[in-house]
Amino acid sequence: MLCKKYQEQLRWVIYQIYPRSFMDGNGDGIGDLQGIIQKLDYLKELGVNAIWLCPCYKSPNDDNGYDISDYRDIMDEFGTMADMEALINALHGRDMKLIMDLVPNHTSTSHFWFQESRKGKDNPYSDFYYWFDEIPNDWESAFRGSAWEYDALRGQYYLHSFAVSQADLNWNNPAVVKAMQDTVDFWIDKGVDGFRIDVIDMISKDFSRGCNGFGPRLHEFIHALFGREKAAHLFTVGESGVHDIDEMIRHCAADRGELSTLFLFDHMECGRADKFTPRQDSLKTLRDHLIHWQRETEKYDLLHSLFTDNHDQPPMISRIGNDREKRYESATVIAAMLYLLKGVPFIYQGQEIGMPAAAYDRIDCFDDIESVNTYKEFCKTMTPEEALRKINFGSRDNARHPMAWSGERHGGFSTGTPWIALHSRYQEINAQGDLSSERSVYRFYQALLALRRANDVFLDGKLEVISTKEDPYFIFTRKLGNETWVVVCNFEGEQQLQLPFTCEQPALANLQRETMDGNYAPYECAVAKVVSQSV
Ligand code: GLC
Ligand code: CA
């Protein structure tokens, strides 16, 4: 059984907002906090009860806010601290929660700490970062090139696991731990309800083992942040490269005083050979990863996170679904197979209207630092057309275009010119159009979340998988007490299905259907309560 805190957190349905691209409240072409406030009713009606905001702190925006220059102030483009307080009030007034993005691994090099640190080896901030006389290893930046940069003022090299302007903090220095605890406390006092923690696995390094992450003090540091009484009530989800259950237990077991849950990335292999290379794939791959982690987390009473999309990933619907003729069906069947499993649902902005990957015909439509650097790198070994094709496939900007609210000018996102090109299909796919369509992805999500809310079986119910690994579909039941529900998700082809039990009429389906048995069209899904088992 899940502990009490996790049982409560299982009721959270979290919507991830990329503030820069969600809604522009003042017409400067950049999304902002007032814009988010305008859209809270849209979210509330969808059935979400929490939002996760990507970083809103002061930042020069080399990595769109993941390069923080002041943890206690708001990015100019997004508004002021008064706007943030207004947002928190507006959320709490609607019985919704706020999860902030905490970025503890690095700061912007324009942060005061770094500016002081580079001045010399004997000021209070000297040891806030990793400084070396000689480059100690061959670590590479996630955004390409060496992870080491020479700073002429200090006359030493510092570590940056990401952009040159994102310097890694030295957590072995107790003053850094203290500074980050104070940051967490500052936001707790403002009223935030939880944190998504950026690359949490990287805050402890092991230079002797040559390992940038999962260092020997990782759990000690996480515990220092969240194992304190003041932080005990928070919902916390860490972004992490964890692949095995033992490591997940060390992060998330109820008695560890570390994190509520983790974002795991095994299923991100769906539809691709590597980040920039597509691979022919089906929903089976997603299904099998989901089943694996459901079984593991259920066995050890861990809280799981359910997501397919975020601000770093091209939408799942475009990787393993059909985002053209069967876009509505693909979007809804993925939702059914994901969010009716056990865990905390995360919905990324645009996912609820079935927004597919974007495609641009010019490299200057891209803004993301990783995409721009990678394009340059690719052009050394391939034609510009080929490089652009790869960037179009894998770019993080696939998820960072302005939210398409309508088919009007600038997609209803802004009255001014948006900071990044609109989605190439925004006139065809947008919230207004979706809501007025008979085949509305939003309405399906709404019905699914309502079903989940009304039936505890979808929260804590035990999972049983009925289909086999070979089957081109996914059938599972959830069971709590003497109540059982069945979920049928068909994949690419047509199927004739006969379930081993009698069911009520479908309570949820993406296409018209009267009974649970019979013919299933490609990507058709249906959910019903089981009346009796025929065996
Ligand atoms: C995480 C974020 C990503 C960011 C990186 C560095 O992976 O999700 O957007 O660029 O960390 O902070
Ligand atoms: Ca704005």
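Start by selecting arginine 196: an N or O atom of its side chain is 3.0 Å from an oxygen atom of ligand 1, which makes a polar contact (a pair of N or O atoms within 3.5 Å; within protein, one must be able to donate a hydrogen and the other to accept it, and residues adjacent in sequence count only if both atoms are side-chain atoms). Taken alone, ligand 1 exposes 300 Å², and the protein buries 96% of that (accessible areas by the Shrake-Rupley method with a 1.4 Å probe).

Before moving on, a word on what you're looking at: it's a predicted model, in which local features need pLDDT of at least 70 and side-chain atom pairs count only at pLDDT 80 or more, while totals for chains, interfaces and linings use all residues. Residues are numbered from 1 along each chain as its sequence is written, chains are lettered from A and ligands numbered from 1 in the order in which they are written, and side-chain values use heavy atoms, with hydrogens and water left out.

Now show everything around ligand 1. Which of the 14 residues come nearest? They are Asp63, Asp198, Glu239, His311 and Asp312 (near means a heavy atom within 4 Å). By class, this shell has seven charged, four nonpolar and three polar residues (Asp, Glu, Lys and Arg count as charged; Ala, Val, Leu, Ile, Met, Phe, Trp, Tyr, Cys and Pro as nonpolar; the others, Gly among them, as polar).

Next, colour by domain, with bounds from an automatic or database domain assignment: domain 1 (4-105 + 174-444), domain 2 (112-168) and domain 3 (462-533). Why does ligand 1 lie between domain 1 and domain 2? Because both of them give residues to its shell.

Last stop: the cavities. On a 1 Å grid over the protein atoms alone, a cavity is a set of points where a 1.4 Å probe fits but cannot get out, and lining residues have an atom within 4 Å of a point. Select Tyr348, Gln349, Gly350, Met355 and His401, which lie nearest the centre of the largest cavity among its 16 lining residues. Its volume is about 140 Å³ (the space filled by probe spheres set on the points, which are joined across faces, edges and corners).

How values were computed. On a 1 Å grid over the protein atoms alone, a cavity is a set of points where a 1.4 Å probe fits but cannot get out, and a pocket is an open set with protein on both sides within 12 Å along at least five of seven lines; lining residues have an atom within 4 Å of a point.
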